[in-house]
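Biologist: Please take a close look at a single part of this model and at the packing around it. A connected account would be appreciated.

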Amino acid sequence: MWESIMEYKWLILILSETISWIGTFYAAYARYWINSSIHFKIAGSIILIVDYIPQTILAVFNYLEKSKIDTFTLSTILLLILVLIFGKKIDNKLKEYVTKQKEKGIKNLYQLIYKK
């Protein structure tokens with residue numbers, strides 16, 4: 001089982017990052033647009049479960065399997081470091097964007113997407 005998971009580790013990494021970014025935008029929507037603490041916590045949990053935990057586990061098992069830091073392990077470490085360094089800045093930019101859109105009078109996400 002681990003062999004097949006490790007065979008598709010790059011695909012798993014890309015998919016988990018994609019889901020994480022979708023979750024990040026949803027978390028910003030929930031936190032700053034609809035002011036929902038519950039939706040924000042759900043989005044944060046999804047990001048943690050789908051992205052950070054699997055990435056860390058894959059990186060550890062990849063390191064244990066290869067006994068050295070290869071491109072995959074280094075990529076995963078760099079992604080986690082980037083989140084720690086730039087996560088707050090990204091959150092602040094999303095907050096500014098959503099606040100500006102709310103001030104313009106856009107009533108819902110549909111109007112935001114389709115600019116009607």
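Modeller: A crossing is called left-handed if the near helix is turned anticlockwise from the far one by less than a right angle, and right-handed if clockwise. The model is predicted, local features need pLDDT of at least 70, side-chain atom pairs need 80 or more, and totals for chains, interfaces and linings use all residues. Numbering starts from 1 along each chain as its sequence is written, and side-chain values use heavy atoms, without hydrogens or water.

Following α2 comes N35, with a positive phi near 50°.

Among the buried residues of α2 are L13, S16, G23, A27, A30 and W33 (under 20% relative accessible area, 1.4 Å probe, protein chains only). The buried residues of α2 pack against α1 (2-7), α3 (37-66) and α4 (71-104).

With α4, the axes come within 10 Å and cross at roughly 25° (lines fitted to C-alpha atoms over the stretch in contact, angles from 0 to 180 degrees between N-to-C directions). The two helices, α2 and α4, are therefore roughly parallel (under 35 degrees), and their crossing is right-handed. Residues making this contact include W10, W21 and F25 of α2 and F72, I90 and V98 of α4 (heavy atoms within 4.5 Å).

The partner α4 also packs with α3, at about 145° and with axes 9 Å apart; that crossing is left-handed. Y52, L58 and Y63 of α3 and F72, L80 and V83 of α4 are among the residues in contact there.

Terms used:
Buried means under 20% relative accessible area, exposed over 50%, partly exposed in between (1.4 Å probe, protein chains only). Helices (H or I, at least four residues) and strands (E, at least two) are DSSP runs, numbered from the N terminus. Angles under 35 degrees count as roughly parallel, over 145 as roughly antiparallel, 65 to 115 as roughly perpendicular and the rest as oblique.
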